[in-house]
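Me: Here is a model I would like to go through with you, asking at each step what a term rests on. Please set each value against the cut-off behind it before you conclude.

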Amino acid sequence: MEEASVTPMMAQYLEIKQGYPDALLFYRMGDFYEMFFDDAVAASAALDIALTKRGKHAGDDIPMCGVPVHAAEGYLLTLIRKGFRVAVGEQLESPQEAKKRGSKSVVKRDVVRLVTPGTLTEESLLEARRHNYLAALGQVRDNWALAWADISTGAFHVMPLGRARIGAELARLGPSEVLASDGVAETLREVLTDLGLDPTTLGAASFDSSAAEARLASLFKVQSLAGFGTFERAELSAMGALVDYLDITQKGRLPILRPPRQEQVSRILQIDAATRRNLELTESLQGGRAGSLLSVIDMTVTSAGARLLERRVASPSRDLEVINERLEAVNWGVEGPIAGNLRDALKSVPDVDRALSRLGLDRGGPRDLAAVRTALAQAGLIADRLTGEGLPDLITRSVAALTGQEDLLGLLDAALVAEPGLRVSDGGFVATGHDPALDEARTLRDEGRGVIARMQGEYAQETGVSSLKIKHNNVLGYFIETTALHAEKMFALSERFIHRQTTANQVRFTTVELSDMERRILNAGNEALEIERRIYEELRQAVLSAAPVLSELALGLAEIDLSLALAELARQRDWCRPKVDNSRAFGITGGRHPVVEAALAASGTPFIANDCDLSAEGQAAAVTLLTGPNMAGKSTYLRQNALIALLAQMGSYVPAQTAHVGLVSQIFSRVGASDDLARGRSTFMVEMVETAAILNQADDRALVILDEIGRGTATYDGLSIAWATLEHLQAVNRVRGLFATHYHELTTLAGKLDGVSNATVAVKEWDNEVIFLHEVHAGAADRSYGVQVAQLAGLPAPVITRARAVLDALEKGERERATPKALIDDLPLFSAAARAPEPVVSQETSAVEEKLREILPDNLSPRDALQALYDLKDLLD
Ligand SMILES: Nc1ncnc2c1ncn2[C@@H]1O[C@H](COP(=O)(O)OP(=O)(O)OP(=O)(O)O)[C@@H](O)[C@H]1O
């Protein structure tokens, strides 16, 4: 039988591996984690390490690779980033212990942890300034819910929501891992794929809402969850699955989680996934943080403050009270004279949340205890400076959370040395004077070392071998070493000097005395370590029992850090406090785009500030149609106004001279025809799907910015769609919005539709070239300047000249046959698409014009376009 050829160790490996078919198994062998079979092939490729062989299985070589334990974290990080999950299988006993059970026994091993992207806790695997969320989707009949947790900080939230909002909420959170049942994963496949999420599927039992209740109650050690809120079954299902998964991955060792906080969709400014991408809130379109809004406004000095800012940017509020309270706190920072040195004090506050998380999972060490100590001490200092009247409510509440842990601080301070090491097993972190028994053991150990030094002198004298040394290694312990040359003298005294070992050049001896001393040193050393271990555990428990208070303290510090950071930002960049109220106003003077402004500043170019008025009367819409040449700054203007609304509602000052923002419920931002081939949809299809979402969802408090909608199709189709979209937004959705377009025909709607006005970005024409002024004015642009921009872009001169001629002809034809005005008067509202007029051309058409008329640029591949250009040239000649 094949079985017979399987070694006991391989049999153990295969048995463990069976439980983790979807993960790489790190199988601990001494100082290495080894991987075998397919795991080894995959891991060696992913890590770029050597693939070797070890023995045979069923007649074939077993592929193998390994990573040293001390460097395992780095390899883990790479594997997790590349989408693997790793089951860490440890030795649960020493080889000596295994031997006691029989000479052939294999060391007991089992998986102690499943490392997945959503369950990381190690400092080196996490980004300090970002959350690492694990999310779970729950569905019970027609009800849906999303639960999410960051086990590295203890944050735990849940939210009931409609199925249609799932994509938007997941985009807001940006989880590293999403849990779903098979059914849910299938139902939401498209939504999840769009967001680049590949769900981890769990069995139905994990999502059972009745079991969830019991699981949660036991986790939080309460009889019932009623104290945390009333939860729908879908919410329980999502939370239960999340906790179950933590149990599976952490092997029963549950992290510290705060009681679940219930969030409501209606309290958050809604921003869908496409808008988020588009406005580049936390990531730029190129990917990565650089160039995002977050990257230019983050002036926080603590990691927890940075994470809070990320949460705020991702989820601005819709609650006036909350917004104004935050603005008050920023205002205090702007005006307060003490902000500067407070920020210095904050700089040395360690990351309490993450230290707590590691301590909770028993993955921490003395340094995490020290982090808590430093945080408590700094919190005390900060609280001392923030006493007295006149503090805004938010700050008063935050300060209140900073004090009251003086006993814990006292304990940690007395127990720990100034700079403790990373690992408990290294010892040396408990301060002298804290524990008499420890001090005694340490003295014994250290004196023993002194005694050994003395013994070396005595032995040298006794034997007459002055070069003799007492050394130590892990195999022999302490031993006396001499060169082969002098060994004779020692052998002569063999009564006293017992031979242990002869190496190439050295001979080693011991004495009864030395062995005895060694035992005493070892015992004292072990005893000291044992005591330190016990003290560590006591301190850890003391910290953990204060965990809820420490979480509040961490949040308080983060809140103060963020308020001061936003104040600093406002001061440095000259931002203003927005007026946010319940009206439907939207009035900005001197508005700027924070990211573009920062980019221009780097090259010394000034940013031109612009006003924007989208204040709506009563229930009416307020839409501005923005026309102007390419490159004039339309997109920048559109986005800057959306960002100002968003910043105001997250409770920040805004890049403007004045800003009045009537509460916005949703922000929608769309850009016509951006390539999305990765998702396998035509660009135009994406544009239309996204436009449909706006028309179906926007309410009368929505702020909508549309950038060249309709541009992805043939001109008249595009114009018709843009036209009908604008009418719908005005009459049905009644939004406040900005609509940038190249279809000048649309500008005549300003006179016809209530609340629709025109604006244009000014340019100067000089010597047949355009100069961009980037100033937005009332009124409509008369032309596109597309040819001039093409010239700026370096199109060959003959092409430009020819394009000018064609353009003149087209415009002349248009003037003679049908003016845009006449064209528009013919079109009844809402039916623009039905009667798109014939394209107009001059009466005497040349062959070139004839040919040009046939060309539909939007239907051409670049190759065909080039060919068409050649054909045109030929016709001309
Ligand atoms: N207010 C401004 N002040 C100074 N420079 C600006 C301003 N707005 C835009 N710019 C500069 O002009 C460039 C083009 O801006 P933007 O992309 O907004 O133009 P656009 O009109 O949308 O062009 P297109 O129609 O081709 O998309 C920006 O990258 C920026 O460098």
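Me: What share of the 877 residues in the protein chain is buried, and what makes a residue count as buried?

Reply: In this predicted model, buried residues account for 41% of the 877 residues in the protein chain.

Me: How is the protein chain divided, and what is its extent along the principal axes?

Reply: The chain has 32 helices and 27 strands, and its C-alpha trace spans about 125 × 75 × 60 Å along the principal axes. The domain assignment gives domain 1 (2–115), domain 2 (123–267), domain 3 (298–405 + 546–573), domain 4 (436–538), domain 5 (579–785) and domain 6 (845–877). Between the C-alpha centres of domain 1 and domain 5 there are 57 Å. Of the contacts between residues at least 6 apart in sequence, 69% join residues at least 24 apart.

Me: Which residues surround the ligand, and which helix supplies the largest share of the shell?

Reply: The ligand is surrounded by Val596, Leu600, Phe607, Ile608, Asn630, Met631, Ala632, Gly633, Lys634, Ser635, Thr636 and His774. Helices α23 (594–602) and α24 (634–650) each contribute at least two residues of this shell, and the largest share, 3 residues, comes from α24. Sorted by class, the shell holds 6 nonpolar, 5 polar and 1 charged residues. From the record, the UniProt annotation "binding site", in an unreviewed entry, covers Gly628, Pro629, Asn630, Met631, Ala632, Gly633, Lys634 and Ser635.

Me: Why is lysine 634 called buried?

Reply: Lysine 634 has 25 other C-beta atoms within 10 Å, and the cut-off for buried is 20 or more, so lysine 634 is buried. This residue lies in helix α24 and, leaving aside neighbours within four places in sequence, is in contact with Leu626, Gly628, Ala740 and Val761.

Me: Why is methionine 631 called partly exposed?

Reply: The count for methionine 631 is 18 other C-beta atoms within 10 Å; since buried needs 20 or more and exposed 12 or fewer, methionine 631 falls in between and is therefore partly exposed. Methionine 631 is found in the loop between β21 (622–627) and α24, and, apart from neighbours within four places in sequence, its contacts are Phe772 and Val789.

Me: What makes alanine 58 and arginine 141 count as exposed?

Reply: Alanine 58 has 9 C-beta neighbours inside 10 Å and arginine 141 has 7; exposed requires 12 or fewer, so both residues count as exposed. Alanine 58 is in the loop between β3 (52–57) and β4 (60–68), while arginine 141 is in the loop between β7 (134–140) and β8 (143–150). Phi is near 50 degrees, a positive value in a residue other than glycine, for alanine 58 and likewise for arginine 141. Most residues other than glycine have a negative phi.

Me: How many residues of helix α5 are buried, and what follows α5?

Reply: Helix α5 (residues 166–173) is mostly covered, with 7 of its 8 residues buried: Ile166, Gly167, Ala168, Glu169, Leu170, Ala171 and Arg172. After α5 comes glycine 174, whose phi is positive, near 55 degrees.

Me: How do you know that β16 and β17 pair?

Reply: Strand β16 (residues 498–502) and strand β17 (residues 506–510) share 4 bridges in the antiparallel sense, and since pairing needs at least two bridges, the two strands pair. Phenylalanine 509 in β17 is the bridge partner of histidine 499, and a hairpin joins β16 to β17 through 3 residues.

Note on methods. Residues are numbered from 1 along each chain as its sequence is written. This is a predicted model: local features need pLDDT of at least 70, side-chain atom pairs count only at pLDDT 80 or more; totals for chains, interfaces and linings use all residues. A residue is near a molecule or strand if its C-beta atom, placed from the backbone, lies within 6 Å of it. Ala, Val, Leu, Ile, Met, Phe, Trp, Tyr, Cys and Pro count as nonpolar, Asp, Glu, Lys and Arg as charged, and the others, Gly among them, as polar. UniProt positions are given in the numbering used here, feature names are shortened, and annotations may be inferred rather than shown by experiment. Two residues are in contact if their C-beta atoms, placed from the backbone, lie within 7 Å. Domain bounds come from an automatic or database domain assignment.
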